[in-house]
Amino acid sequence: MVYVMIASGLILVLGVARIFNFAHGDFYMLGAFATFALCQVLHINFYLSVVIAIGVVALFAIFCYRFIFHYIRGNLLLCAAASIGLSMMIERGALISFGTQERGLPSQITGSMTIGTVNLPMEKIVVILVCIAVMVGLYYLLMATKLGKAMRAVKLDTEAAALQGINTTKIYALAMATGCALAGLAGGIIAPLFSITPHMGHSMLLKSFMVLIVGGLESMLGGVVGGLVIGMTLSFGYYFLGGLSEILLFVVIGVILVFKPGGIFGEVVEDV
Amino acid sequence: MSKKVCIRYNGLITAFICLALLFLLPLHLQAQSSKDVKVLKVGTTLPLNLGMGVETKKMLEIIVPKFNEAGGITIKGQRYNIDLIIYDDKYSAEGGRAAVERLIHQDKVKHIICQIGSAPIVAGMTISEQEKILVMAGGASERIVGPKNRYTFGTSTTRTSIPPLWMMARKLFPNAKTVVFLSPDDETGKARAKEEKQVAEALGVKVLDVLYYPRDTVDFSSIAAKVKSMNSDIVAYPGASAGTQFGLQLKAMYAAGFKGGQVSGITPQIEEIKSVASNEAIEGLLCKMPETELPSPPALARTIKQDYTNKYGKWSDASLSWIPGWYAFVAALKKADSTDPDVIANLIAETGLDWEMPNGKFTLVKRPDLKNSRYTDTCAEQIYGKFVSGKLTYVGKLSLDEVIGSCEKVFGGKWK
């Protein structure tokens, strides 16, 4: 479900703001480190720390949009290159601020639930529930609110949306902030589950791209389904195949792309 | 000018010269003495992306300057201070090779010490052996102590600490019949898993499976679920990192409902582990215990702990695990009375080497099981502890003879 949340943010940024954000994994890392710093250094309650971390990441995303992507928006390649540079800067910043050591937060929720013969830790169940709630909230935001409608309008036709009086610059910045905040939230809630390192965004970004490829580049529903396919393949794959699960993942992706070249919910775009 | 005035001038000039000499003499002596001290460049490559690398660096940055302040080392009447050059090898073969190349060709070092990861050591060895560089490395791979190496010595106890560990594990879990290994799928993990499997089977414990995982894994839930489904009596962690990642493994095992014994050959980084795993998750874990954690530690261990705490504010037991290479190097320089890698390597390979450090007594041993009749690997006294209510408590100690005896029993041949 965490893959789903991160990939949804990536899709939102790509779909609305037209930015292929290679720094998305670093916003995830930033969320984790912000939560860690607030919890461990300032001794703020974990849940409040996650909320503040989301705010910090969203503000930073707006700052990045305003001072970097705003000037190059529309040029997908330039935006991608700038996001790679941004990724390097964020990672270096984290390295300087927090060092190279792995960090960790203690579990906030203890106990486990037994389903059949499998024990599921309560904290993971809570993370799954939070992800589901956030995805429902995101769906509501996009479908039922004025902001969501504006985002969809900008995604469909930027010029027509602008002619209708929508402030497109504001929508781009808000899409970037919302997408990155989702990554920050994922980093925050994952902090007590896994270790926190300045490089943690890399593998997550790679898997998010896989989710995008499987689900379809600009489809939110595709992001959800793709995230579940990737997550399940990795988890169950390890259980049955051990270290070969990574190969299984690529086999699954290959099979899906043979039958649905644009991803499960994506469209095939052909060069003319 | 009258004679009286001339005498007065002469007196003043003489007094001035005497005063000037009085001031200049100590300066001259100081300059002479600093000119007499030579600098011996020594290199190391550490995984600074991991806690164990950072902690080792921090410890080396205490003990090396302290060694120099205490007068350095005198070889053939010449005083030397050590200049330690540290590079990041990122715990990877590419990083290790690049760092070793830089040390040898750019910094012109002739001695490399205290490396940690097997992959960087093995990758760097291809150059260091060719360039006749003395390497006193850590690491776990058997290739480090292979018979073809002439200048590389394994100064960590990772390869020889497994038989004594499992002897202790058999004492602690006498009814255990099966074990599952969780190991990283890199040089270190595979080497340790292979050795630990050999040892466990020699001591009558059946190895159900060795589960490998990528070194950067953070989610161990599916691996833990698989271990749980195998119903083994013990789970062991050959080659695991000592810090947060190890804590995540213990946490996942606990969450999966694993109730068997847990064994680890590494000295755990207690602070890092406890930052992610609860006391319940680490309860009963059998592992190595540093002398500094004993209720009444020996003087050397006490001093080094104090020095570290004074400099960094908080003690980290992980800082000790990978520094035997430094103490071995100093002992080798003293024994050979030479800085020449050829002289040192030949002497210690033929006659052995003993040294003492804050983690106890160490000695070089032969590895007849690896067809190496030279003194090339290291055995050390072993102290074991287990976690009780989140605290590492003393279980027992094995002397140097007992450790060597256990290795000879499992691997065969005469080691000393």
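Helices (H or I, at least four residues) and strands (E, at least two) are DSSP runs, numbered from the N terminus. With that in hand, select Arg215(B): you'll find it in the loop between S8 and H7 of chain B.

Before you click further, know that this is a predicted model, where local features need pLDDT of at least 70, side-chain atom pairs count only at pLDDT 80 or more, and totals for chains, interfaces and linings use all residues. Residues are numbered from 1 along each chain as its sequence is written, chains are lettered from A and ligands numbered from 1 in the order in which they are written, and side-chain values use heavy atoms, with hydrogens and water left out.

**Stop 1: around Arg215(B)**

Is Arg215(B) buried or exposed? Its relative accessible area is 17%, so it is buried (buried means under 20% relative accessible area, exposed over 50%, partly exposed in between, with a 1.4 Å probe and protein chains only).

**Stop 2: where the chains meet**

Show both chains. The contact takes 27 residues from chain B and 22 residues from chain A. Together they bury about 2,000 Å², 50% of it on carbon and sulfur atoms; buried area is the accessible area (1.4 Å probe) that two parts lose on being put together, summed over both.

How many salt bridges are there between chain B and chain A? The count is two, a salt bridge being a side-chain nitrogen of Lys or Arg within 4 Å of a carboxyl oxygen of Asp or Glu. Select Lys251(B) and Glu123(A) to see a salt bridge with its closest N and O atoms 3.2 Å apart. Which helix gives the most to the side of chain B that touches chain A? That's H7(B), with six residues.

**Stop 3: rings**

Over all chains, a search of the whole structure finds 18 aromatic pairs. Rings of Phe, Tyr and Trp (its six-membered ring) pair if their centres lie within 6.5 Å; planes under 30 degrees apart count as stacked, over 60 as edge-to-face and the rest as tilted. Over in chain A, pick Phe27(A), Phe60(A), Phe63(A) and Phe67(A), which form one aromatic cluster.

Next, select Lys58(B) and Tyr312(B): the charged end of the lysine sits over the ring, 4.9 Å from its centre. For this, NZ of Lys or CZ of Arg must be within 6 Å of the ring centre and within 35 degrees of the ring normal.

**Stop 4: two positive phi angles**

Most residues other than glycine have a negative phi. Cys114(B), though not a glycine, has a positive phi of about 60°. Look for Cys114(B) in the loop between strand S4 (111-113) and helix H4 (118-130) of chain B, where it is buried at 1% relative accessible area.

Finish at Ser389(B), whose phi is also positive, near 50°. Ser389(B) is in the loop between strand S15 (382-388) and strand S16 (391-398) of chain B, and it is exposed, with a relative accessible area of 57%.

Key
Contact means heavy atoms within 4.5 Å.
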